[in-house]
Each structure stands twice: as structure tokens, then as C-alpha cells.
Amino acid sequence: MKRWVCAAVGTAGIVATAFAAEIPRAERRSGYDFMGRETRAMQDDDTANPGMLWVLEGEALWNRKLGAAGRACADCHGDARANMKGVAARHPSFDAVRARPLGLEERINVCRTDRQQAPPLAYESRELLALTAYVARQSRGLPIDVTIDERTQPFLDAGRATFFRRQGQLNFACAQCHDDNWKEKLAGAPITQAHPTGYPLYRLEWQNVGSLQRRLRNCITGMRVDNYPLGAPELVDLELYLMWRARDMKLETPAVRP
Amino acid sequence: MERLPSRRDFLRVVGGVTAGLAATIVIEPAAATPAAMQDAIRKIVGSARVGTGRVKLELPPLVENGNTVPLAVSVESPMTEADHVRAIHVFTEKNPQPEVVSFRFGPRAGRAQVATRIRLADTQTVVAISELSDGSFWAANANVVVTLAACLEDA
Amino acid sequence: MASALINVPSRAKRGEVIEIKALISHPMETGYRRTQLGVRIPRDIIRVFVCTYNGTEVFRAELHSAIAANPFIVFSTVATESGTLALSWTGDNGFSVTESATIIVGDPDMAPHTPQRSEPSRETRDGPR
């Protein structure tokens, strides 16, 4: 398979100007709108959406007793369909004990270690993706609604700074593609606005479900920037900024993307 | 004390190693060729004539990612015991292997209509051959342009 | 852990042609990929998909490496009688999964059907996944 390097961008004629303003709220569009008709149809049909396989597995895991505490998620949280509604739409959210926002994956692992007395699940492991997909599926159709207050503001600012900072060998900032050039194409594929409206999602490129952090790492590699490890605070701060930037857009988990 | 290897010995050894390596590196074609696809089709069809028509092959003309390309194929047929579609075979001309899938039907299918998702290694032509209960063959083809997602992850 | 998602109408009229959708998780490793060291990754795919209706085979698909990961197949069958539709997938490394769904087939003046989702049943597989 050919590997397109984002260095191709150098010849794509993207003009590096001082940053334009963020995308006006009325002009925000989900990655869904940039996809072809068939890929959208794959997402829309629960009986055809490959991401639903992970949601199914997540449902089984939700009900499985495990850990030294012999407890299932369901034992504390009951029926996810009722009790997890809105949870994914509000993550990353502030955790008082750790004094910083946690993403949904981190939150699930906190529950595993603290409440189930089980080891944390590895990032991008099938189990963690399945549980995250199942929980996030319960927020499908709900508006993204992360809380920004005096506690989370510094982390939002850090995430925003990362989004606007020129970095790496190409001296690129996320904003240059995703705020300024989202109507254009990169190596034949449309540049989206980069709203995390459907994570974890089934990416055709991965032939697998993956998290927002995995997708961010793909982009960061493409930008030729030293990457952050999965779970790094920089990635969670960026997640928080991106979710805030997408506030009120509807969650589509499990989405399908190219 | 051992004799130090002479330059000739050294070159002979290196040459031997290189030849050995060359023997184990398998050069494979990056993709099948249209000829390979014709051979695969001939295995199914034999010397029978392949008509055009009756088969409807639907693929998107441009796909975002060749990993997952939706494909639908149907054949007009009453699907009775006397007159039905026995099979639909799908081939590609540039994948490493021309065969994609063979669907088998009988009158109990009701309709000779299937859908699935396939992989396409490159922009190419996809061919569907249907085999009817009277022994006749009918074909349709479709051209698909395959683009790739831009920022790929490092392995 | 292989999950499958099948979509079969729970009721149908006798003689009606019903559509069945089958989705199963499987990487469909083509056998054409190589590691970064150049070592070929062996093929690991689902080879055959079969649907039986009260024990009689009504549909079959022979899959090759060009079928996308997490294979998805949509096909039709005639609703002849009430009973069990069994969908099975078999492949490399002893892969074998079967899912079943029941269907009630009645006479034309029946209430409209709703699709049902099956629960995973037996799965066997050799080796690590």
C-alpha cells in the first residue's frame, strides 16, 4: 500500500498566514459530511456498521464480574442504556483526586483499578475500545457538552495552545489545516474540520475501531512532530480542547471514517 | 595461526552470501495482471461464451479507502427450479489475487442479489460473472478509482 | 473474541423473500502483507460462509483475501416455513462460528415483522487471536 507522507503538503500550496479565527459555529461540520454516500450509509445502518461489533462486545464486558472485588460495571452503574446517557458527551471531565481532566478511557481505567480492583486495560486494547464504544454509544445523538470552569480552564488553554502551535519538521500547526484549509484536499482526501464527533470509531484505514488519541497520534506523525505516548496529558488536553471546539455538535459513536 | 583470507577468498565468500540471499528473496509481482484475471475467469467459464447484460454490478466510482469498498451485485432471474442463478463470481484485475468471492444460489434464494465489502489494491476494474442453471454465463464490470487517507500512521 | 451481528426478520409471510445481513469480526489477514523486517504475515481469513434453513443449505459464499476485514454479507432467502436459520463461518486456523435465529412464517394476514439481533453462540478457534 502506498504511504502518503504529509510532506506532500509542502507542494500542496497551503498558504501559511497568520491564523484566521476559529471556524464560526454555524459553519461547523462533522467529518460525516465529508464522506462519500456509501461510507455514510455504513455508519447509519447499525446492522452494517462494523463499530457495532465492538459495542456488542462492550455490552458483554459491562456485565462481566471481574477483579479482586468480583464486580461488574453493571453492579454499580446498572443499565448503561439509562445510566451512561450523556457521559461520553461530557468527557474529558475533571477528576478531583488526580486534579486534572480525564478522558473516557482514563475514567474507565480508574474504575477498574479503584472499584473493581482489576489491572487497567491497555490503550487501544480490544477490551478498552469495546467498553468505551459501548459507553459512548449511549450518548449517540446527544450534544457534546464538556464542562469548562476554573478547574478545567488551564487544561483547555494548554490544549488550545497545542492546536495553534507550529511544531515539527514542517513547522505546521493543527489549525492551519483544520481551521484555515478545511475546504481543501490533502493527497486526494478532503481535509475535515477535525471534530471528534464519533469516537471511538471504525476507521477504514485501520480496519479496526480506535480512539481519538490514536487518531491524534496519526496526525502528529504526519506532521513530523515528536509524538506523545497514548495517555499522555498533552493528548488529553488536546482532546478537551477539541471536544470544547465541537460543543453542541452531536455525538455519532460508533462513527465510520475513511 | 590461520591463514588470513585473501581478497579473492573474501570476494568469493561475499559473492556466495549475496547469491544465497538473492535465492531467498522472493520477487513477487506487486499485483496480479489483467491476464491473471482472464485465466481465473476461464477456469470458471471454460470455453463457453460470456454474454453481457442481465448482471448489475454496483460499486462506488470513487472510494475513500480501498480497504473497504461496498459492492452489490444482482442478476435478473425468476429463481425457479427450472431457471435460476447458480453462482456469481467476482474478480479484480490488479489485486495480488484475481478471485474475490463466489456466491452460490439455488431456487430457495428467492432473489439473486447480494452485497458485501471488498478490498481494492488500486484503481481498477472489477468483473462479476454469473452462471445460470442453463449453463450460460453473463458478465458485468465496473471501474473504481481508489484514493487513500492522507495521514497514515507509521507501522 | 469474535462477535457476530446478524439481522433476520423475526416473522415473515410464507413465500416472502426476506433479506438477511451478517456481520462478523475477523481481521481477514490477506497473506500478502509483510512485517517491517520483510517477513510475510501468514494468511488468516474466513473461507466459507453458509446459511442453512432448518438444516437445508440455502446460501453459500466462498471468500478470498479480497473480502474486507469484518466481513459483511447481505443475501436473500424465501421464507418457506417457521424454524431456525443457522449462519456459519469457517476459515483458516480452525476458525468456526455459528449464529442462529428463529423465524416464524405464517400466512399472508400476519402483523409486520421486526428484525431481530442474535446473541453470540459457539465459537472455536485455534491459536492466539
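Two strands are taken to pair if DSSP finds at least two bridges between them, strands being DSSP runs of E of at least two residues and helices runs of H or I of at least four, numbered from the N terminus. The structure is a predicted model, in which local features need pLDDT of at least 70, side-chain atom pairs count only at pLDDT 80 or more, and totals for chains, interfaces and linings use all residues. Residues are numbered from 1 along each chain as its sequence is written, and chains are lettered from A in the order in which they are written.

Strand S7 (residues 112-118) of chain B runs antiparallel to S6(C), to which two bridges join it. Within this pairing, B:Thr116 stands opposite C:Ile73. In the interface as a whole, 26 residues of chain B are in contact (C-beta atoms, placed from the backbone, within 7 Å) with 21 residues of chain C. On the chain C side, two or more residues each are given by strand S5 (56-63) and strand S6 (72-78), and S6(C) supplies the largest share, seven residues. This side comprises 14 nonpolar, five polar and two charged residues, where Ala, Val, Leu, Ile, Met, Phe, Trp, Tyr, Cys and Pro count as nonpolar, Asp, Glu, Lys and Arg as charged, and the others, Gly among them, as polar.

In chain A, helix H2 (residues 51-62) packs against helix H6 (residues 126-137) at an angle of about 95 degrees, with the axes 7 Å apart. H2(A) is therefore roughly perpendicular to H6(A), a term covering 65 to 115 degrees. Residues making the contact include A:Trp54 and A:Leu61 of H2(A) and A:Leu131 and A:Tyr134 of H6(A). By class, nine nonpolar, two polar and four charged residues take part in the contact of H2(A) with H6(A).

How values were computed. Two residues are in contact if their C-beta atoms, placed from the backbone, lie within 7 Å. Axes are lines fitted to C-alpha atoms, for helices over the stretch in contact, and angles run from 0 to 180 degrees between N-to-C directions. Angles under 35 degrees count as roughly parallel, over 145 as roughly antiparallel, 65 to 115 as roughly perpendicular and the rest as oblique.
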